[in-house]
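Please look through the sequence and the structure below, and then follow the explanation from one element to the next.

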Amino acid sequence: MPFEQHYLAGLDLRGRRVLVVGGGTVAQRRLPRLIASGAAVELVSPSVTPAVQGMVDAGELTWHQRRFQPGDVEGAWYVVACTSNVEVNTQIGEEALSQRVFCVRADIAVEGTAVTPAVGTHDGLVLGVLAGGEHRRSASVRDGLVAALRDGRIADQAAPPVGVALVGGGPGDPELITVQGKRLLAHADVVVADRLAPRELLEELPAHVEVVDAAKIPYGRAATQEFINQTLIDRAKEGKFVVRLKGGDPYVFGRGFEELLACAEAGIPVTVVPGVTSAFGVPALAGVPVTHRGVAHEVVVVSGHVAPDDPRSLVDWSAIARLQGTVVLMMAVERAGAFATALMEGRPGSTPVAVIQEGSTAAQRVFRSTLDKLADDVKRWEVRPPAIIVVGPVAGIASANS
């Protein structure tokens, strides 16, 4: 087993010139972290990959479109040699050595004066692992450390979060919550959970965590918004960290911004964690793309909690009916027939429709229909909330996942 002899250090490269030679896929992997460090990156290469070109176009680095020349290293604080030519990389390394500038050799690591560790991040931490050139080993250890920190298997003495976090839990599958959402949930003293939030995540909470049921059952029992807002405020004022765990995304028909405003008025700090919205995630998992080249150039998400003729409706249904793309209806099961009728004012009755009930969960059901048959089919299939209704040509595209 090789002995790792490198001295691991963190370099402050902010505003300092860093030279990268080579614009291929290796540079494509190394450049983002250098850019994020604030380095003044200069790239020397006759050509670059499209992704690197995008970084150049965004003004994130300076590209000298030519081959490496003697003198390029002068003034650099750090050099990365990642061309596909060993001789050129050797030349870069020798010039860097003569000027006492640390140089990473991407082709033959042991020939450089510096090596790049396997790097991971977690909640403000940057972890670097070196394993004497055994890249798979360093990467696997890095991944294990990050996973252990995220799962709480390694104690992290960082200051606990405060206030309230509005966390989007995704469409239902606990695997679809974001990394940040899962991390904040692990710090919670109180979890105020929606009915559609991933239920399995609640089982993983420690016994001391208070779980407040904020379920809103369609056409049945429901926690009032005032109760939810006050619970968030009261628990946070007690010094507890409160996670408001919501299904989908907090700001997509989730009243998340109402809760943020209530907390802000009470002086409670709020962290917002977006989630995978059911409007897009559920159709995708059911084999229905909400957009597709040559099929749909637009997608509109509409709340179905009030009928088209309801005076409270804020939707211009005549305009929606004239659109050619995709309409995603949420909370629309009870009034599916009314919405179909409104849409048929501008679309043919043969327009494909997909209905996905309890998407992303083990109970998921997927049905295919058309606008003119939707009302009868929803009754015949006994569709119940939560369900997503997708209207448009995309609902008729065949998929191996359907």
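L19 stands opposite V79 in β4, strands being DSSP runs of E with at least two residues and helices runs of H or I with at least four, numbered from the N terminus. This is a predicted model, in which local features need pLDDT of at least 70 and side-chain atom pairs pLDDT 80 or more, while totals for chains, interfaces and linings use all residues. Residues are numbered from 1 along each chain as its sequence is written, and side-chain values use heavy atoms, without hydrogens and water.

Strand β1 (residues 17-21) pairs with β4 in the parallel sense over four bridges, where pairing requires that DSSP finds at least two bridges between the strands. Strand β5 (residues 102-105) also runs parallel to β4, joined to it by four bridges, and V80 stands opposite V104 in β5. From β4 (residues 78-81), Y78 and V80 point one way and V79 and A81 the other, all of them buried, that is, with under 20% relative accessible area (1.4 Å probe, protein chains only).

In helix α11 (residues 336-343), the buried residues are A336, F339, A340, A342 and L343. They lie on the same side of α11 because they cover an arc of only 160 degrees around the axis, taken from the directions from the helix axis to the C-beta atoms. These residues pack against α10 (317-322), β14 (326-330), α12 (374-381) and β17 (387-391). L374 touches, among others, A336, A340 and I389, not counting residues up to four places away in sequence, contact meaning heavy atoms within 4.5 Å.

Conventions:
Buried < 20%, exposed > 50% of the residue type's maximum accessible area, 1.4 Å probe, protein only.
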